[in-house]
Amino acid sequence: MITVLIPAHNEAAGISDTLESLKSQTQPPDRVVVVADNCTDATEEIALALGAEVIRTVGNADKKAGALNFALEGLLPGANPEDMILVQDADSQLSHDFIERATGHLRADRRLGAVGGVFRGAEGGGFVGHLQRNEYARYARDVKRLHGKCLVVTGTAALFRVRTLVDVIEARLDGTLPPGNGRGGVYDTSVLTEDNELSFALLTLNYRIKSPADCTLVTEIMPTWRELWAQRLRWKRGAVENCVQYGWTRVTRPYWGRQALSVTGIVVSLAYFGTVAFALGTGEGLHIQPFWMAVTGVFVIERVVTVRLRGWKYMLAAATMYELLIDLFLQVVHAKAYVDAALNKKKAW
């Protein structure tokens, strides 16, 4: 049996497309449950009209993680261990064969704890939306090259066995994993990135995680720089705090390595633009050096090749390096995330 859980907070604008994508699956789910969390719009009415079940949270102040725990507390006790649960965002539309392919991957590997989706960005959002679609195309390319190996099974869509989630609950209660909400909830309600934390939890329990290239979906992009800032600040701060939460372990070492690379990138960018500003400010001017031109050429090639999934027009545009704008933007966000985490500033979504 396959059950789909869709946590939704005021998702009236997009819930119809999400539910329609589930109706068109080559392997339709047995149940579709919309977890209506403090909705004040027409999310519930639309979901019911399209044939979904609706569970309304009661007293939930822990947003998405709390809403999912609320639904899973009622769902898991009566489920068969080999049943499957697909958790997906309310603003994401699965490819028509997503469930068929994802269940195939899960059934083929007993130690596979979760199968995630490879997403591409929805249309809209102008220039900032365009930059995110390029970014997601590069992510899809990386995952494909690594045969589905991923760092995080993202919250956009992820398929689990019931027994895997029960293992997580038991491990939270016996202290093997961080306690989460302290009552054995699958999702840790104390963190900013519950999907990242759950990925750590699965890997700690010796499960594997995977985002196969044939499990695709379309997800919402942030339509403004302000909203992109808020989203990425949460992602990046959540990621570093998850590393701190789990400490230095066999699971977290690669993640700490990526954090170190990120810090290096920020320092190098600051040094680069600082020296350029110093040279221009002191009247020294800029001098072309063959070595640095070669280094720049490598970066240009990387930008062009990695966006190949979007076609030659996007590859040609990438050669101009106009995407430095979002690269620098994300580095500033990352630096802010480190400062906020170090100062333990109040967490906000």
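Where is the place of Thr 252? Thr 252 sits in the loop between H8 and helix H9 (253-281). The close-ups below start there. This is a predicted model, in which local features need pLDDT of at least 70, side-chain atom pairs count only at pLDDT 80 or more, and totals for chains, interfaces and linings use all residues. Residues are numbered from 1 along each chain as its sequence is written, and side-chain values use heavy atoms, with hydrogens and water left out.

**View 1. Thr 252 in the loop between H8 and H9.** Helices (H or I, at least four residues) and strands (E, at least two) are DSSP runs, numbered from the N terminus. Thr 252 is buried, because its relative accessibility is 0%. Buried means under 20% relative accessible area, exposed over 50%, and partly exposed in between (1.4 Å probe, protein chains only). A polar atom of the Thr 252 side chain lies 2.6 Å from the backbone oxygen of Gly 247. Not counting residues up to four places away in sequence, Thr 252 touches Phe 200, Tyr 246 and Gly 247. Contact means heavy atoms within 4.5 Å.

**View 2. Arg 234 in helix H8 (residues 225-246).** Arg 234 is buried yet has no salt bridge. A salt bridge is a side-chain nitrogen of Lys or Arg within 4 Å of a carboxyl oxygen of Asp or Glu. The nearest side chain of opposite charge is Glu 194, 4.6 Å away. Lys and Arg count as positive, Asp and Glu as negative; His and the chain ends are not counted. What lies 2.8 Å from a polar atom of the Arg 234 side chain? The backbone oxygen of Leu 192 does.

View 3. Trp 225 is found in helix H8. Trp 225 counts as partly exposed, because its relative accessibility is 30%.

**View 4. Leu 151 in the loop between helix H5 (126-145) and strand E8 (157-161).** Is Leu 151 buried or partly exposed? Leu 151 is partly exposed, with a relative accessible area of 30%. Leaving aside neighbours within four places in sequence, Leu 151 is in contact with Ser 199, Ile 209, Tyr 255 and Arg 258. Ala 342 is 191 residues from Leu 151 along the chain, and their C-alpha atoms are separated by 23 Å.

**View 5. The salt bridge of Glu 44 and Arg 56.** The structure holds 17 salt bridges. In this one, N and O are 2.8 Å apart. Glu 44 lies in helix H2 (residues 43-49) and Arg 56 in strand E3 (residues 53-56), so the pair ties together parts 12 residues apart in sequence. Glu 44 is buried at 15% relative accessibility, whereas Arg 56 is exposed at 56%.

**View 6. Salt bridges of Arg 101 and Arg 303.** Arg 101 pairs with Asp 97, the closest N and O atoms being 2.6 Å apart. Arg 101 is partly exposed at 36%; Asp 97 is buried at 13%. Arg 303 pairs with Glu 302, with 2.9 Å between the closest N and O atoms. Arg 303 is buried at 14%, while Glu 302 is partly exposed at 33%. Elsewhere, salt bridges that share partners join Glu 82, Arg 110, Arg 161 and Arg 163 into one network.

Methods:
Polar contact = N/O pair within 3.5 Å; in protein donor to acceptor, adjacent residues only side chain to side chain.
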